[in-house]
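Open the model in your viewer and switch to a cartoon view. This tour goes one selection at a time.

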Amino acid sequence: MTYWERRQRELNQALEKDEMKLKKRLSSFYDAEYRKLEKEIAAYYSQYGENNVIAYRRLMESLPEEDKRLLLERMDGFAEKYPEYAHLLPVRESIYKLNRLEGLQQSILLQQLEIGSVNEEEIRKHLEKQAARNASAAAETMGFGKNFYAENSQLVRQVVNTAWCNGKNFSQRVWDNVEKLAGYLGTDLAQGFARGDSYERLTKQLRQRFGKVSRNDAYRLIYTEGTFVMNEARAASFEQDTEEYVFRVQYDAIRRNGWQDVCDDLNGKTFQWSERKPGINFPPMHAWCHCTATPYVSDWNAWMDRYVQRHGSGQAEKVEKRLESDIIMYRKGSTHRKTSADGRKIIDKATYYKITNPAIKKGADIRIADGEILRRLQKEQATAVTYGNVLFFRPDATVSDVLEEVHHFYQNKRGLNSQYGARQRIIMNEIDAKNYLLSVVDKYHIPEEETALTKSQLESYKAEMEKMKTKGEWVDES
Ligand SMILES: [Zn+2]
């Protein structure tokens, strides 16, 4: 995992923590608001009802002047508090013509507008916090110090207010939800009265609608907009100094349980920051998506030159190290034996433990590959892979496989050749590992076919080194 990937994981965790807190806060707010609605309906039943039922025709009578006055007062209060949403209010004149049913429906609409304003405010604060935190973390990774973007910075405001899905931004989606829920509640109410529902039956249905819809809509919005803002803020920061990104699936609980979606097809694919489009090639790809994108640089030498030109030479190497993957796929595309079943000499258990136990004591996490990792190893015809401190072996690993991979673990632990670019480091460490294997042929009774393969691989890595040298891509220590 690179510095940035680790950082990213922390940022994702911080986002999820904030989401939980916000959800909790809004949830109890919705409960309190629902109790207010119930009280208002209860008052209707006691005022206009008989035997716990209201005759529909009584609701067609004109709304009492006092109720009209109260509605107008609430409207004025809302307009004063949220002038920017005043246009969502019903027309003043319409209030004078309301009957009792419409009066209650307007009151529900007003309450939903008030809830919408609180949603708007709370979610905006939450998103601004995420945008600032993520843009700053990306900027810091790129060498620009801590807290580069404040929560009230131009960039943060722009990211949070960007319209991205169906030409809408988060705020417009909050208001869409308000309108939708107010519409549902108004209809539920009218139908319930027309049916002659009791107070209990009517409020049971409203509670369902109110509790479920408001929560679901809000949670989905918080989650999906959070993914958008998080990724967009990072992108805005990264695109100033890198051109491409890799789409990365978030391996959350449901994906580990086998869930697959459109994001899996994009995982690992590279795109230009300038061509990113949420829902097409950039997260979020769909509602509830928590995927990410990491900067990708195909030519580090060119990148380095450009960075130094723009920002001076102080940070360039540090930044390269932070972004460059230290997931090294050793022996990609080659194996220590033919893939046919014949002639495989799977390592015996005693030798296996003799080699791996000392490494485990030094912090290696050694596992036998299964599932996705095994499929990937088979696809790439590799026999082992190292991710940081985790070593995966195929169940049919040979003594050479195990010796070599454990040797790579020690190399990585020592940071062997980490002063060089990824490609050169891999080649140097492979050459070192192959030489090591050849030096222990007798000690571990390595079969002749395996040694022959090791020799030919050594030659091919040496050839690759020469090629890089002729192209001037090899750095010689001076
Ligand atoms: Zn996704």
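In which hand, left or right, does H16 pass H17? Select both helices and look. The crossing is left-handed. Keep in mind that this is a predicted model.

**Stop 1: the helix pair**

Select residues 422–439 for H16 and residues 448–470 for H17. Their axes come within 9 Å and cross at roughly 150°. Angles over 145 degrees count as roughly antiparallel, so H16 and H17 are roughly antiparallel to each other.

Now show side chains. On H16, pick Gln424, Ile427, Glu430, Ile431, Lys434, Leu437 and Leu438. On H17, the contact residues include Thr451, Leu458, Tyr461, Glu464 and Met468.

**Stop 2**

Next, select the strands. Three of them form an open sheet, in the order S2-S1-S3, with antiparallel pairing. The edge strands are S2 (270–272) and S3 (292–296), and each pairs on one side only. From one strand to the next, the twist averages 40°.

Zoom in on S1, residues 244–248. How many bridges join S1 to S2? There are 3, and the two strands run antiparallel. Find Tyr245, then look across to S2: Phe271 stands opposite.

**Stop 3: the domains**

Zoom out and colour by domain. The assignment gives domain 1 (3–225), domain 2 (236–321) and domain 3 (326–470). How far apart are the centres of domain 1 and domain 3? Taken over C-alpha atoms, 58 Å separate them.

Conventions
Residues are numbered from 1 along each chain as its sequence is written. This is a predicted model: local features need pLDDT of at least 70, side-chain atom pairs count only at pLDDT 80 or more; totals for chains, interfaces and linings use all residues. Axes are lines fitted to C-alpha atoms, for helices over the stretch in contact, and angles run from 0 to 180 degrees between N-to-C directions. Helices (H or I, at least four residues) and strands (E, at least two) are DSSP runs, numbered from the N terminus. Angles under 35 degrees count as roughly parallel, over 145 as roughly antiparallel, 65 to 115 as roughly perpendicular and the rest as oblique. A crossing is left-handed if the near helix is turned anticlockwise from the far one by less than a right angle, and right-handed if clockwise. Two residues are in contact if their C-beta atoms, placed from the backbone, lie within 7 Å. Domain bounds come from an automatic or database domain assignment. Two strands pair if DSSP finds at least two bridges between them.
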